[in-house]
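Please read the entries alongside the sequence and the coordinates shown here.

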Amino acid sequence: HNFHYISPLPYLRKQPRYTLHFILSGSGHLIVNGNKYLVHKHEVFFLDNKSTFAYYPAPEDPWEYVFFEVVGDFAPQYISMTGLSIENPIKPCKFAQKITSSFISALQKKEKGGNISYFETVSLFFLLLDALKNTENSHEFFYQNNFVEEVKSFIQMKYLQPEFNVEYLCNSMHISHSHLCRIFKQNENISLINYIN
């Protein structure tokens, strides 16, 4: 949404879903349950499905932002891992320039008549979540039990193939060697190499 062209909605309302809003440029005002905030470029704000809110651009520097609707069983878990809440609905975004560039690239592709695929959209969403995650639980953000089970299944299927080694496993699972070894050891209480052997 670019509020140089879109009319703002300054009135109080509710919504049936969670939303995450990343500010690409400009600034604006956010009101949540009577609390007022100023939101700036490269910050993210969160809204839930219970609170009364309003948000609108600052007239002197209207914002442009992208937003995601977050629905489904994992929505509360994803939001809680970012550290955002209705009590603390705004957070600065780490590596914001990288995220801004990724969003702008996708939006320019769309403006030129191209399609943004489902997987491109999901990757942008997870890129944003990764930039917001709390450092104390970052090691368990999307991996841990289910991911390690996938790794174990992959090992069972592939370990007899001549090209199989730890680097092949890491490349196939799209994860760094050190990170995979760390989360595998945390979950299985055995090193990845010993498990494979």
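On a 1 Å grid over the protein atoms alone, a pocket is an open set of points where a 1.4 Å probe fits, with protein on both sides within 12 Å along at least five of seven lines, and its lining residues have an atom within 4 Å of a point. The model is predicted, so local features need pLDDT of at least 70 and side-chain atom pairs count only at pLDDT 80 or more, whereas totals for chains, interfaces and linings use all residues. Residues are numbered from 1 along each chain as its sequence is written, and side-chain values use heavy atoms, with hydrogens and water left out.

**Largest pocket**
- The lining of the largest pocket comprises 18 residues, and Y65, V66, F67, F103 and L107 lie nearest the centre.
- Its volume is about 390 Å³, taken as the space filled by probe spheres set on grid points joined across faces, edges and corners.
- At least two lining residues come from each of β7 (64-70), α2 (96-111) and α3 (118-132).
- Eleven nonpolar, four polar and three charged residues form this lining.
- In that classification, Ala, Val, Leu, Ile, Met, Phe, Trp, Tyr, Cys and Pro are nonpolar, Asp, Glu, Lys and Arg are charged, and the others, Gly among them, are polar.

**Fold and burial**
- The protein has seven helices and eight strands, defined as DSSP runs (helices H or I, at least four residues; strands E, at least two) numbered from the N terminus.
- Of the 197 residues, 42% are buried (under 20% relative accessible area with a 1.4 Å probe, protein chains only; exposed is over 50%, and partly exposed lies in between).
- K50, in the loop between β5 and β6, counts as exposed because its relative accessibility is 61%.

**Nonpolar core**
- The largest nonpolar core holds 37 residues, with F22 and C93 making the most contacts inside it.
- Such a core is a set of buried Ala, Val, Leu, Ile, Met, Phe, Trp, Tyr and Cys residues joined through side-chain atoms within 4.5 Å.

**Aromatic contacts**
- There are 20 aromatic pairs, counted for rings of Phe, Tyr and Trp (its six-membered ring) with centres within 6.5 Å; planes under 30 degrees apart are stacked, over 60 edge-to-face and the rest tilted.
- F22, F68, F74, Y78, F103, F125 and F126 are linked into a cluster by ring pairs.
- R13 lies over the face of Y55, 5.0 Å from the ring centre, and K98 lies over the face of F95, 5.4 Å from the ring centre.
- A charge sits over a ring if NZ of Lys or CZ of Arg is within 6 Å of the ring centre and within 35 degrees of the ring normal.
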